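Here is a colleague's note to read beside the model. Please keep the structure open while going through the points.

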Amino acid sequence: MTFQLHIEELAQSPFLVLGGNDGSNGLAGRSPGFSLYELKDLEDHLLLALSQTRMLKNSSALVNRLPPEVLARIFGLLQSAVLETTFPLPESFNAWLIVTRVCRRWRNTALAFPRLWSHIYIRNPSDRIATLSSMNSAQTLLSVYCAIHTANDRQSSTDENAIRLMAAQMYRIRELHISWERLSESSLRELVVPPTPAPNLEVLSIIGQPNDGYPDYDLLPLFLNRTPQLKKITFTRISSWPHNSFCGLTHLSLYDQQDRRRIPLSDFLDVLQSSPDLEELILVRAGPDGRITEIPTERSSIKVALPRLRTIELGEWSSGESISFFLSHLIIPESTTQRFWGDFLGDVSTLLNTEIHDPFAHLSRIAIMGHEFGTQLIGIRNSTLYIHGSVSFSQSESIFDKSLLPNIKELILCPISQTTPSTTEIRRIVSCFTGLETFTITGFARWKLARLVQALGLFDDEQGDDSALPAPDLQTLRVLHYNPRCEDPQPFDCLPLVLLLQARAEVEHPIRTLEIENGRADEVELLQSYVGSVRQVYRAQTEWSEDELLNDMWRSIHISSPKF
């Protein structure tokens with residue numbers, strides 16, 4: 001059956017009831033002939049009709065023709081954009097709740113899916129949104145983010161205290177992330193030391209804020225020592241371990257522990273040994289105590305096997321020797337991403353302990369990038385060895401060993417102006433890698449180009465035979481950032497490169513591909529007569545040489561703030 005909607009008749013009906021013909025002047029100057037109760041009842045009916053009209057209008061919108069499950073999925077995507085961040089969370093954490101005020105259908109949809117309320121951010125004990133989220137989440141497992149700060153740690157009644165409410169529901173918390181200040185220790189205890197176990201807790205983060213006036217926190221036994229599902233731990237400014245036996249961890253991240261209160265190396269190795277499936281280990285200004293080399297004789301030969309370790313990061317340790325000694329007690333896969341950084345790493349070879357990583361057959365590329373700042377980075381990722389920072393040739397010289405790195409195919413050398421290697425140093429570097437096929441060098445001013453040319457092909461010995469030729473398999477040479485940053489009107493003297501190409505061709509080891517930065521057309525034409533392919537590139541195309549390589553390692557470094 002089809003109904004025809006008479007809009008004008010419906011619009012006039014309230015005025016007919018009230019005794020007028022229209023809404024303009026039908027009731028003007030007349031005394032009401034209805035009681036207040038009747039008028040209120042009429043008003044309620046009109047509001048209900050208006051609400052129904054708006055609901056029908058909203059239902060005709062295309063977005064409201066989506067099934068509730070799809071609409072809930074969209075609401076969930078609004079949350080994901082906020083949750084992918086570091087702690088503490090931004091004020092926009094609960095911004096997605098605006099969807100509950102758009103229309104009744106959206107609100108009912110949000111309330112019908114408890115998982116949408118499973119991420120709870122407690123800004124203070126009286127946070128009503130946190131309490132509401134807890135109620136609407138039904139029995140869904142929760143991810144709780146709690147900021148326990150002095151300014152927010154005011155007293156509230158038991159019924160309104162969101163921290164106590166979460167502590168009482170610890171049995172359904174899957175992730176618990178806490179940012180706290182030392183003066184708010186009572187609230188921290190209330191949340192992490194409740195008289196209940198945490199059977200579903202998988203992720204625990206306790207991020208202490210810096211406070212010079214107070215020592216680091218000594219963590220008490222947590223959750224009655226019953227956390228069977230716990231896999232990921234992040235502690236900042238938590239110096240002493242709790243009495244919990246954290247077994248079966250997959251991720252362990254520690255930051256900013258006071259050195260004199262850390263646990264001994266032997267005890268720390270016990271912690272690692274209890275988690276053989278560990279996948280990520282991050283120790284930034286943290287880990288075993290500073291007397292790392294003081295280990296009982298009976299434990300000195302013990303090595304902890306971590307066959308599933310994907311990432312290890314050690315930052316701002318006291319010395320490269322302490323890092324090396326710690327690594328000498330671990331057995332890790334060659335595929336593990338390794339990042340060691342700090343101001344005093346010393347000799348690079350001390351971090352590449354052959355007893356641990358023997359052999360380095362999987363490494364095929366070395367990237368040595370100078371930097372004027374003090375922080376140094378030594379890293380291994382996939383098949384690349386990264387050496388970055390104010391590392392001199394003498395510090396990295398020991399790694400140029402054929403037996404240590406037998407399969408290097410590509411070398412990227414980006415020295416800073418103060419540490420540009422000499423002809424002898426370049427020659428020694430490339431001579432170590434007999435299988436070298438691609439050599440990229442940047443940062444050379446024009447007057448230093450002769451060093452490169454002499455190192456690769458113009459021999460000092462009288463014979464000039466093949467045995468004196470460095471990198472005999474070299475196929476590609478890339479000379480980037482060649483022009484100085486300032487405007488230089490002098491023409492490019494390509495004679496050194498021409499001589500290099502001639503010299504290698506004469507001994508039947510030609511360079512087949514040459515790339516130079518911002519070369520002139522006539523220069524490129526001259527070079528092409530001596531090499532199969534000459535390509536000129538420009539500054540925008542060469543930024544990868546340094547920036548991308550640095551980002552490849554540094555973007556994942558946990559220098560200051562832990563990440564979940």
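**Notes on the predicted model**

1. Asn 382 is exposed, at 61% relative accessible area. (Buried means under 20% relative accessible area, exposed over 50%, partly exposed in between, with a 1.4 Å probe and protein chains only.) Asn 382 sits in the loop between β15 (376-381) and β16 (384-389). Its phi is positive, about 55°, although Asn 382 is not a glycine. Most residues other than glycine have a negative phi.

2. A word on the basis. This is a predicted model, in which local features need pLDDT of at least 70 and side-chain atom pairs count only at pLDDT 80 or more, while totals for chains, interfaces and linings use all residues. Residues are numbered from 1 along each chain as its sequence is written, and side-chain values use heavy atoms, leaving out hydrogens and water.

3. Asn 225 also has a positive phi, near 60°. It lies in the loop between β5 (217-218) and β6 (232-236). Asn 225 counts as partly exposed, because its relative accessibility is 39%. Helices (H or I, at least four residues) and strands (E, at least two) are DSSP runs, numbered from the N terminus.

4. The largest nonpolar core has 104 residues. Leu 176, Leu 252, Phe 326 and Phe 439 have the most contacts inside it. Apart from it lies another core, of twelve residues, including Ala 72, Val 99, Ala 110 and Trp 117. (A nonpolar core is a set of buried Ala, Val, Leu, Ile, Met, Phe, Trp, Tyr and Cys residues joined through side-chain atoms within 4.5 Å.)

5. Leu 252 touches, among others, Ile 233, Trp 241, Phe 268 and Leu 281, residues up to four places away in sequence not being counted. (Contact means heavy atoms within 4.5 Å.)

6. Gln 79 is in helix α3 (residues 68-83). Gln 79 is buried, at 8% relative accessible area. Its side chain reaches the backbone oxygen of Leu 116 at 2.6 Å. Leaving aside neighbours within four places in sequence, Gln 79 is in contact with Trp 96 and Leu 116.

7. Helix α13 (residues 449-456) and helix α14 (residues 495-506) have axes that come within 9 Å and cross at roughly 5°. That makes α13 roughly parallel to α14 (angles under 35 degrees count as such). Leu 449, Val 453 and Leu 456 of α13 make the contact with Pro 496, Leu 497, Leu 500 and Arg 504 of α14. Axes are lines fitted to C-alpha atoms over the stretch in contact, and angles run from 0 to 180 degrees between N-to-C directions.

Key: A polar contact is a pair of N or O atoms within 3.5 Å; within protein, one must be able to donate a hydrogen and the other to accept it, and residues adjacent in sequence count only if both atoms are side-chain atoms. Angles under 35 degrees count as roughly parallel, over 145 as roughly antiparallel, 65 to 115 as roughly perpendicular and the rest as oblique.
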